[in-house]
Amino acid sequence: MALVNRLQYLSHSSHFKKPKKMPIVFNSFCSFARKPTSSSPFTEKYSIERYQRDSWVYTNQSDNNGSSCSLPTNSSSIREDDIALQLPELKKLLQVLKEKRETGDGGEIKQGPGNVFLVGTGPGDPELLTLKAVKTIQSADLLLYDRLVSNDVLDLVGPNARLLYVGKTAGYHSRTQEEIHDLLLSFAEAGATVVRLKGGDPLVFGRGGEEMDFLQQKGIHVKVIPGITAASGIGAELGIPLTHRGIANSVRFLTGHSRKGGTDPLYVAENAANPDSTLVIYMGLSTLPSIAQKLMQHGLASSTPSVAVERGTTPQQQVVFAELKDLADEIASAGLVSPTLIIIGKVVALSPFWLNSYEEQPMLVEAK
């Protein structure tokens, strides 16, 4: 089903109702006047950078006089209003791409769908991008990007490309996973080169496998361009080898995020208490106290060296070193926020920053 049909359906759906009043976040004139609320290197849900970057999709609202500067208090309403405002320009872009595909170069009819690239952008430092990732980013027609694609990486996007934020954060999903699937499919069917930008590596806790499977079942060619996953990038930044002969003979990546409120991270933790392995926990801020308790209950020493790294490899990087038994309290004291990566294991003590870690908490380690 073509995107126009999908978007017409969505625009009449109860989930995507027409907004009664345009809130501040969708009004470029009003939002540009607001000062940013943080110095995050990533795309926060109501950031000025996001709406400047995606301004093309709100073109039909540019005649608004900017008098409305109040945000709805309900996240669901904000999401519905946002998508409703985007629909006209998304339909228009789709039509342009379809016409371009039908005529092709020199008037020849162009057959077949476009390609989708799942591109990993690493943990934040744009210099960690692969050459293939940069080349692909600069040649895209449309880029759907997540929250943890850094602003510096997005600055590399080609001047003629269209950017669309589809990020998720706790309590606010700008698009559901199913809606992201539909966007990828619809624009690929129109012949576009579509890039799906993800922080880290697209196939490590990035749901890239789900998107790849969905598109391949629909006959769309998918190319995966790997990125440096946060564990590797941040480990290297702090001088922590994830494996080391005689100290850690394996490394295990865990998710601290419970799917639909489940207890799966705790179950996994029960089977991960191996003193000869390195544990790396993604998305584990809220569940770390319970995970740490489980690890210690199942045999991991309470004195195991550990580290939590917020916004790793970016200028805003903040690092907290502690023994496992103290890590959750030290994180709370330091006020770390998402995204924060946690590394647990004896290899953490090999970091040159470990010896001085107890003199000052939290410690800032400047990204190289």
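## Strands and their sheet

Two strands pair if DSSP finds at least two bridges between them, and strands (E, at least two residues) are DSSP runs numbered from the N terminus. With that in hand, look at Leu-143, which stands opposite Leu-163 in E3. Strand E2 (residues 142-145) runs parallel to E3, and 4 bridges join them.

This is a predicted model, where local features need pLDDT of at least 70 and side-chain atom pairs count only at pLDDT 80 or more, while totals for chains, interfaces and linings use all residues. Residues are numbered from 1 along each chain as its sequence is written, and side-chain values use heavy atoms, leaving out hydrogens and water.

## The whole sheet

Zooming out, 5 strands form an open sheet with parallel pairing, in the order E3-E2-E6-E1-E7. Strands E3 (162-165) and E7 (222-225) are at the edges with a single partner strand each, so one side of each has no neighbour in the sheet.

## Two helices side by side

Now find helices H11 (residues 288-297) and H12 (residues 324-334), whose axes come within 9 Å and cross at roughly 175 degrees. Helices here are DSSP runs of H or I, at least four residues long, and axes are lines fitted to C-alpha atoms over the stretch in contact, with angles from 0 to 180 degrees between N-to-C directions. That crossing makes H11 roughly antiparallel to H12 (angles over 145 degrees).

Contact means heavy atoms within 4.5 Å. Among the residues making this contact are Leu-288 and Pro-289 of H11, and Leu-324 and Lys-325 of H12.

Technical notes
Parallel < 35°, antiparallel > 145°, perpendicular 65-115°, else oblique.
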